[in-house]
Amino acid sequence: MLVALAGLAVGCASDAPQDVLDPAGPYAEQLDSLFVPVFWVAVAVFVVVEGLIVYAAIRWRRRGDDDDDGEIPVQFHGSTKLEIGWTILPALVLGLVAVFTIPVVFDLDAKPEGALEVSVTGQKYWWGFDYPAGQDPYGIDEGIVTANELHIPAGEPVYLTLTSPDVIHSFWAPRLNGKRDVVPGRTHTWSLEADEPGAYSGQCAEFCGASHANMRLKVVAHDPQSWEQWVEGMQRPPSPPEAGAAAEGFELFQQRGCAGCHRIEGAFEQVAEDSPPAPDLTHLFSRDCFAGCIYDLTDRAELEAWLRDPQRKAGSLMVIGELTEDDIDALYAYLETLE
Ligand code: CUA
């Protein structure tokens with residue numbers, strides 16, 4: 001049994017993309033350096049307590065030669081010394097843990113200097129990311145709006161401002177920092193930093209509804225050169241196609257009402273006033289995943305399947321109606337131009 005459990009635990013840990021025990025940045029490292037000592041303190045407490053229980057169970061077990069005359073053993077009430085002891089000792093242990101924990105709580109809450117700022121909106125069930133304009137050190141002159149994939153420069157602090165229009169979510173990229181609740185009517189802040197370029201996966205960590213389990217995210221950390229390229233690309237809206245299947249798709253996008261909810265800079269900039277929240281598609285194909293990062297955008301079949309049936313994801317608000325295969329091809333051809 002134990003061997004099986006240990007095997008399971010090891011199996012989970014190998015190659016796990018969301019391993020909290022494998023921090024990839026200073027904030028996550030701070031948490032990890034708290035977790036490790038607290039874990040060993042807990043192990044010590046466990047061994048002492050369990051040891052005493054096992055000792056007592058063996059030492060005072062019922063023996064074969066006990067005379068069973070039905071009499072109740074001598075009764076006595078407690079031990080004041082022991083009770084004071086087991087009240088004070090845990091308090092001391094917790095006090096010691098607090099000495100290390102509390103400064104980290106404040107540290108993680110502080111706004112890092114010179115950080116890249118990004119507003120995060122938790123939607124049902126995807127993430128919106130909004131980079132405010134005028135962040136010169138990061139090359140962001142004009143605002144950038146994207147979804148599900150949070151792009152950041154490696155080695156730089158990122159300061160997130162998190163909100164939600166309706167339900168509570170929790171933003172969690174385990175290798176970059178702990179969780180932070182995203183609560184309607186409140187603005188929470190949180191920091192991230194990745195030491196090395198790479199992709200770090202994350203997810204919503206607070207039950208938020210039908211597709212809570214389908215609310216993933218990805219943090220992509222860039223080296224300076226690829227960061228510059230990404231920022232530049234995101235600040236250049238694609239131009240509407242003039243001919244061919246893509247132009248047909250452009251027409252369809254409007255006819256089918258897609259433009260009522262999805263904003264595309266340089267083409268469909270005004271969504272309907274009562275539109276449900278929908279991801280900005282201006283640079284859709286700069287991303288690798290869509291719909292809460294559960295589908296692979298590099299696999300054409302996934303997006304086609306989505307257009308055929310956007311309800312394949314529980315709680316999806318997308319309504320597009322019946323499409324012919326030609327419609328799907330045309331829409332795909334247009335969406336593909338949104339790089
Ligand atoms: Cu959003 Cu769970």
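Start by selecting R300, which is partly exposed at a relative accessible area of 35% (buried is under 20% relative accessible area, exposed over 50%, partly exposed in between, with a 1.4 Å probe and protein chains only). This is a predicted model, where local features need pLDDT of at least 70 and side-chain atom pairs count only at pLDDT 80 or more, while totals for chains, interfaces and linings use all residues. Residues are numbered from 1 along each chain as its sequence is written, and side-chain values use heavy atoms, leaving out hydrogens and water.

**Salt bridges**

R300 sits in helix 6 and D329 in helix 7, 29 residues apart, so the pair links distant parts of the chain (helices are DSSP runs of H or I with at least four residues, strands are runs of E with at least two, numbered from the N terminus). D329 is partly exposed too, at 36%. Now show E304, R308 and E325 as well: salt bridges that share partners join R300, E304, R308, E325 and D329 into one network.

Next, pick R256 and D327, whose salt bridge has its closest N and O atoms 3.6 Å apart. R256 is in the loop between helix 5 (244–255) and strand 11, and D327 is in helix 7, so this pair ties together parts 71 residues apart in sequence. R256 is partly exposed at 29%, whereas D327 counts as buried at 17%.

Then jump to R175 and D22, which meet in a salt bridge at 3.3 Å, N to O. Here R175 lies in the loop between strand 6 (169–172) and strand 7 (179–182), and D22 in the loop between helix 1 (2–13) and helix 2 (26–59), 153 residues apart. R175 counts as buried at 19% relative accessibility; D22, at 35%, is partly exposed. How many salt bridges does the rule give? The count comes to twelve.

**A buried charge without a partner**

E193 is buried yet has no salt bridge, and R175 is the nearest side chain of opposite charge, 14 Å away (Lys and Arg count as positive, Asp and Glu as negative; His and the chain ends are not counted). What is E193 in contact with, leaving aside its neighbours within four places in sequence? The contacts are A24, G25, P26, Y27, G155, E156, P157 and L176 (contact means heavy atoms within 4.5 Å).

Select residues 224–234, helix 4, and colour the buried ones: W227, W230, V231 and M234. Look down the helix axis and these buried residues fall within an arc of 95°, so they line one face (the arc is that of the directions from the axis to the C-beta atoms). On the other side, Q225, E228 and Q229 are exposed. Bring up strand 1 (116–123), strand 2 (126–131), strand 3 (144–147), strand 4 (149–153) and strand 10 (216–222), and you have what the buried residues of helix 4 pack against.

Zoom to the loop between strand 1 and strand 2, where Y125 lies. The peptide bond from K124 to Y125 is cis, with omega near 5°. From there, hop to S211, which touches Y125, K313 and A314, not counting residues up to four places away in sequence. S211 is in the loop between strand 9 and strand 10 and is buried, with a relative accessible area of 0%.

Two positive phi values come next. N148, in the loop between strand 3 and strand 4, has phi near 65° without being a glycine, and it counts as buried at 2%. C293, in the loop between strand 11 (289–290) and strand 12 (295–296), has a positive phi of about 60° and is not a glycine either; C293 is buried at 11%.

**Last stop: the largest pocket**

Select H262, A278, P279, W306 and M318, the closest to the pocket's centre of the 33 residues lining it. The largest pocket holds about 580 Å³ of space. Helix 6 (300–308) gives the most to its lining, with three residues. A pocket here is an open set of points on a 1 Å grid over the protein atoms alone, where a 1.4 Å probe fits, with protein on both sides within 12 Å along at least five of seven lines; lining residues have an atom within 4 Å of a point. Points are joined across faces, edges and corners, and the volume is the space filled by probe spheres set on them.

Conventions
A salt bridge is a side-chain nitrogen of Lys or Arg within 4 Å of a carboxyl oxygen of Asp or Glu.
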